[in-house]
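Here are my notes on the model you sent. Please read them with the structure open.

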Amino acid sequence: ASGLLFAQEADKEILARSREAAEKGGDVSRGEAVFKSKEAACAKCHILSGMERKAGPKLGTIGDKFTREQLITSVLDPSARLHPDHATTTVVTTAGKTVSGVLHSRDKKQIQLFDSEGKVVRIPLGLVDIEKPSKTSLMPAGIFKTVKAEQFADLIAYRLRHDRVVERKLETEFNSIYGGTFKMYIYVISERNRLNQIFLNC
């Protein structure tokens with residue numbers, strides 16, 4: 001019992017160091033390497049942009065939706081705030097096997113789940129005995145154990161800045177081709193999308 005208590009206190013100290021380091025800021029360029037690393041394993045379940053679907057939410061514009069503190073908390077404690085689109089579903093098969101994952105799709109024949117490795121698991125509906133929602137995120141809560149505090153700070157900095165870095169890169173490339181009209185182009189696209197949404201909601 002004393003060994004378990006010591007381990008829990010050690011985890012609290014490591015977690016606190018990671019949070020403190022991230023609150024002070026980090027290096028964006030190093031954060032990209034952390035994002036893609038095996039230790040952080042972010043790329044298994046997240047994409048930055050594009051149409052591909054994975055277990056976790058798309059992270060390309062996360063910096064516009066979360067404050068630094070909110071992002072830190074969501075990564076250190078992913079089960080604290082679960083979005084319905086990325087909630088975990090637990091399935092128990094007729095053979096007694098338990099499978100947990102984020103719902104990918106469902107039809108008349110099978111249910112498909114993203115597992116913790118980001119892979120799609122297919123379960124025939126005829127083999128489903130129990131299906132229930134889970135309050136625990138598929139995203140592991142122990143990232144502070146697999147990356148150092150400084151690396152975690154870099155990861156948070158990268159996530160907060162990535163969308164802005166990409167936009168600046170696109171702006172530079174667009175302006176060099178079309179002569180400085182990138183911001184107007186973005187405005188027109190955003191207005192078109194807004195009007196389309198209004199039309200769809202009518």
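1. The chain has seven helices and five strands. Both are DSSP runs numbered from the N terminus: helices are H or I with at least four residues, strands E with at least two. Along the sequence the pattern reads α-α-α-α-β-β-β-β-β-α-α-α.

2. This is a predicted model: local features need pLDDT of at least 70, side-chain atom pairs count only at pLDDT 80 or more, and totals for chains, interfaces and linings use all residues. Residues are numbered from 1 along each chain as its sequence is written, and side-chain values use heavy atoms, with hydrogens and water left out.

3. The five strands form an open sheet, ordered β4-β3-β2-β1-β5, with antiparallel pairing. Two strands pair if DSSP finds at least two bridges between them. At the edges sit β4 (120–124) and β5 (128–134), each pairing on one side only.

4. Look at β1 (residues 88–93) and β2 (residues 98–106). They pair in the antiparallel sense over five bridges. Val-91 stands opposite Val-99 in β2.

5. Which residues does Phe-35 contact, leaving aside neighbours within four places in sequence? Among them are Cys-42, His-46, Leu-59 and Leu-155. Contact means heavy atoms within 4.5 Å.

6. Buried residues make up 30% of the 202 in the chain. Buried means under 20% relative accessible area, with a 1.4 Å probe and protein chains only.

Note on methods
Buried < 20%, exposed > 50% of the residue type's maximum accessible area, 1.4 Å probe, protein only.
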